[in-house]
Amino acid sequence: MKDLDYIIVGFGLAGICLADICEREGKSFLVIDQGIESASKVAAGLYNPVILKRYTLPYKAVEQFDNALLFFKSLENKLGVSFMNDLSVRKVFHSIEDQNNWFAASDKDGLKRFLSPSVIRNSNKAVNVPFDYGKVQETGRLAIRDLQKSYINYLEKNSSFSKALFSHNTIVFKDDYAIYGNYRAKYIVFAEGFGVKNNPYFNSLPIVGNKGEYLLIKAPGLKISEAIKSSIFIIPIGNDVYKVGATYNWIDKDWKPTLSAREELIAKLELVINVSYEVIDQEAGVRPTTGDRRPILGVHPKHKQLAIINGLGTRGVMAGPMLAQYLYDAIENGMSIPEELNCVRFTNK
């Protein structure tokens, strides 16, 4: 039987961040992931600190943003692979009032760093922008699939990755560790995303699945090098291919692309662009979100060997590194998880 400090279940952004922290801290660990359904695998990967619908900053946005950039750049250096790309985001203004709201926001503390106060005129006739653009600064895109593939290859070389379905019901609890198969681990951390609904130890937590779908289109005549945000995002990913999305469906919880989402995205896309295109693919994933829009971290109230990191929603790129550090520090150093993130905020009710 092999002794481990951690078993990490799930290898989306949350699992990736925790695994990297464990390695940096010299902890032994095994990642177990079945390698199929994951919201991270279909996410657009944009890192943008501003909520553009309301021109506001989310929870600890600046701290998350700065921490995430350092974290993923360090991970690039470790893996020897480039998966971070600077990518400007241009917000399509829908009215003069929308412009004025942008100008007001760009003068506020926190936001002024990221919102350029200048209007950008549209010179691309392939795009409908009657009221021009605003530019979000310091933004970019993380190629999440490239990151996952590279990191899995790295872990496999160190015998630290197992492509398998985790069997929750086979855990055996001892006083200071848990036994899973041939492993004796101090902690098992679940980073399963919406898959936590199949986890008997944490499935009572209010993780609400929010299904998102994207289209991949080929549009040789579009010729944009920035991400465009209107009612949807249009994100260039190279070779005249663009990712278009996303939808938000609180009812449908499966991972199958739907005709209704395709039609919705096409209708919104054709309000923005004027050129011909071909839909070459469609992707779907279920985001793990919570009712109060806060992630869920912490140790199980009964089984101290079990912990969870979940509910990252649409902001996993920005939030993942900071949240994984919070959880690690709570487990290893006895530091308190912020009350608004701690899983006990639900179990104590």
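Is Lys-211 buried or exposed? Select Lys-211 to find out: its relative accessibility is 0%, so Lys-211 counts as buried. Here buried means under 20% relative accessible area, exposed over 50%, and partly exposed in between (1.4 Å probe, protein chains only).

Before moving on, note that this is a predicted model, in which local features need pLDDT of at least 70, side-chain atom pairs count only at pLDDT 80 or more, and totals for chains, interfaces and linings use all residues. Residues are numbered from 1 along each chain as its sequence is written, and side-chain values use heavy atoms, with hydrogens and water left out.

**Stop 1: salt bridges**

A salt bridge is a side-chain nitrogen of Lys or Arg within 4 Å of a carboxyl oxygen of Asp or Glu. Lys-211 sits in strand 13 (residues 207-218) and Asp-254 in the loop between strand 16 and helix 6, so the pair ties together parts that are 43 residues apart in sequence. Helices (H or I, at least four residues) and strands (E, at least two) are DSSP runs, numbered from the N terminus. Asp-254 is partly exposed, at 32% relative accessibility.

Next, select Lys-223 and Asp-240. Their closest N and O atoms are 3.3 Å apart, in another salt bridge. Lys-223 is exposed at 56% relative accessibility, while Asp-240 is partly exposed at 24%.

Now go to helix 6 (259-269). Lys-268 forms a salt bridge with Glu-264, at 3.1 Å between the closest N and O atoms. These two are four residues apart in helix 6, so about one helical turn separates them.

Finish with Asp-20, Glu-23, Arg-24 and Lys-78. Salt bridges link these four in a network. The count for the model comes to 20 salt bridges.

**Stop 2: the nonpolar cores**

Select Phe-72, Leu-75, Phe-83, Leu-142, Ile-309 and Leu-323. In the largest nonpolar core, of 70 residues, these touch the most other members. Helix 7 (residues 316-333) gives the largest share of this core, eleven residues. A nonpolar core is a set of buried Ala, Val, Leu, Ile, Met, Phe, Trp, Tyr and Cys residues joined through side-chain atoms within 4.5 Å. A second, separate core has 24 residues, including Ile-7, Ile-188, Phe-202 and Cys-343.

Zoom in on Leu-75. Beyond its neighbours within four places in sequence, Leu-75 is in contact (heavy atoms within 4.5 Å) with Ile-16, Asp-20, Phe-83, Leu-147 and Tyr-151.

**Stop 3**

Show helix 7 alone. How many of its 18 residues are buried? The count is 15, and helix 7 is mostly covered. Just after helix 7, Gly-334 takes a positive phi of about 70°.

Move along to Asn-342, in the loop between helix 7 and helix 8 (344-347). Asn-342 is buried, at 16% relative accessibility. Leaving aside neighbours within four places in sequence, Asn-342 is in contact with Leu-297, Gly-298 and Ile-337.

**Stop 4: strand 15**

Select Pro-236, in strand 15 (residues 233-238). Pro-236 is buried, at 16% relative accessibility.

**Last stop: Ile-251**

End at Ile-251, in the loop between strand 16 (241-245) and helix 6. Ile-251 is exposed, with a relative accessible area of 73%.
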